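Subject: Structure for you to look at

Hello,

Here is the structure I promised to hand over. Please open it beside this email and follow along.

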Amino acid sequence: MASAAAAGAPPGPAAPRSRKSVTGTRRAVAALFLLPALVLLGALVVYPIGYSLVRSFGNASGDGFAGFDNYRALFTDDGIRTALKNNVLWVVFAPTVSTALGLVFAVLTERVRWGTAFKLVVFMPMAISMLAAGIIFRLVYDQDPDKGVANAVWVGVHDTFAQASAFPKAHPGRDSPLRPDRGGFITRTTVRAGQPVALPLVGVAPDQLPDDAKKAVAAAPEPGKVTGTTWQDFTRGKGVGRLGAPDPSEVGYAGMRIEAVKDGTVVATAEAAGDGTFVLPAAADGARLRLPASNFREPYNGVDWLGPALVTPSIIGAYVWMWAGFAMVLIAAGLAGVPRELLEAARVDGASEWQVFRKVTVPLLAPVLAVVVVTLMINVLKVFDLVFIIAPGSSQDDANVLALELYRKGFAEGQPGIASAISVFLLLLVIPVMLFNIRRLRREVRR
């Protein structure tokens, strides 16, 4: 009876599974989901790092052991040493300037109604690829002011204060009464009052003559004064026109400066009128007439932004243009979390806006600023695109960075061993910065 009752009784609850088996199941499921990512990570990150480390100890062909020769080249090869020096400049200036501008933009745009629109404009370059940005700034830094925006602005400002000459190519022609003198020209003989002087020149293109230039005329004599004409002594056509005398089709050198020189001292000056004529006072009698070098100064062509001296700062400027918006957005997010009561309390205590910014805002934003700086430092250690695209071939050696040198050694110069050593060296440079960032993030989480 007891056994029958037991057989007909409903089954009791199942025995609970152990906590250890449940944890193991969960870990297995988690590992299964992580497996594709781990495979990709191993194939795309771990394997290339390991292969590069092994390859850095091989010779150029890869079939022999080179020891530490490839790493020794990091400090003996001129190209790599230049790249190291430029990378130091990049790490010091690019993150610092980008973060400083981002901080200024983030703080100032809080106080204006159109701050959101301004942030959008500043952040917009982040949507442009490095390739496109490089092409843009290659044009911006073009030496020709008619193409390059930077030189167009620079030349415009320069010419506002120091106007270029209209006669940079002018020079004496055949049988000229002028001879070279200190970058300009001077008459071979002295001049006399009442005797008109002819100062013919050639070499100025018709379309480059001054706008106020008129048909040249022979100067009329004036008692007690030295008169003369300076003009373009050239008429199209073989055997056409008179040499040393103004012809109907020839124009004067309007604005040409003339100096009367006695014993090396300028005693009188004049400026040619639209028809090329000029008048000097009686003090010019017995002097030589000089057309000073200022008349023939070459037009200012701007700054050689992509020359050996400025190519690295110019490319850093392009980088800052792209990444200042990134810094601004992160700092603005941090600024939104700053307690306004602290800022108002500082103002109530009599602090100026500069003191509030320097002693309250910046210290409170220190964690965010550290994130931005560290992120940009890691980024600039790997910079390649901008340098490769913006720097012309003539100054690419001067703008060289480690990532570009890695590419050149590995693909252009056929030295994969040295290229692998550079890649390992770059990894070693990045690891301390990453560890610093990880530690700082952990401290933030604990707080």
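**Helix 10**

Start with helix 10. It has twelve residues and reaches 15 Å from its first C-alpha to its last, close to the 16 Å expected at 1.5 Å a residue. Keep in mind that this is a predicted model.

Which residues of helix 10 are buried? They are Val 356, Phe 357, Val 360 and Thr 361. These residues cover an arc of only 130 degrees around the axis, so they sit on the same side of helix 10. Turn to the other side of helix 10, and you find Trp 354 and Lys 359 exposed. The buried residues pack against helix 4, helix 8 and helix 9.

**The cores**

Next, the largest nonpolar core. It holds 48 residues. Four of them touch the most other members: Trp 90, Ile 315, Tyr 319 and Ile 390. Several helices each supply at least two residues of this core, among them helix 4 (78-108), helix 8 (311-336) and helix 10 (353-364). Which helix gives the most to this core? Helix 8 does, with 15 residues.

Now pick out Tyr 319. Leaving aside residues up to four places away in sequence, Tyr 319 touches Trp 90, Ala 94, Ser 98, Met 130, Leu 376, Asn 379, Val 380 and Leu 386.

Another core lies apart from the largest one. This other core has 25 residues, including Phe 185, Leu 201, Ile 258 and Ala 287.

Now the strands. A general point first. Strands of a sheet pair through backbone hydrogen bonds, either parallel or antiparallel.

Walk along the order. Strand 1 and strand 2 run antiparallel and are joined by four bridges. Asp 181 has Gly 184 in strand 2 as its bridge partner. The hairpin of these strands has two residues between them, and Arg 182 takes a positive phi near 50 degrees there.

Are the residues on the faces of strand 2 buried or exposed? Gly 184 and Ile 186 on one side are buried, and so are Phe 185 and Thr 187 on the other. Both faces of strand 2 are covered.

Two bridges join strand 2 to strand 8, again antiparallel. Ile 186 is partnered by Arg 290 of strand 8. Strand 8 (residues 288-291) also pairs with strand 5 (residues 257-262), antiparallel, over three bridges. Here Ala 260 stands opposite Leu 289 of strand 8.

Strand 4 (residues 226-232) pairs with strand 7 in the antiparallel sense, over four bridges. Val 226 has Leu 280 in strand 7 as its bridge partner.

Best wishes

Conventions: Residues are numbered from 1 along each chain as its sequence is written. This is a predicted model: local features need pLDDT of at least 70, side-chain atom pairs count only at pLDDT 80 or more; totals for chains, interfaces and linings use all residues. Side-chain values use heavy atoms; hydrogens and water are left out. A nonpolar core is a set of buried Ala, Val, Leu, Ile, Met, Phe, Trp, Tyr and Cys residues joined through side-chain atoms within 4.5 Å. Buried means under 20% relative accessible area, exposed over 50%, partly exposed in between (1.4 Å probe, protein chains only). Contact means heavy atoms within 4.5 Å. Two strands pair if DSSP finds at least two bridges between them. The expected span of a helix is 1.5 Å times one less than its number of residues. The arc is that of the directions from the helix axis to the C-beta atoms.
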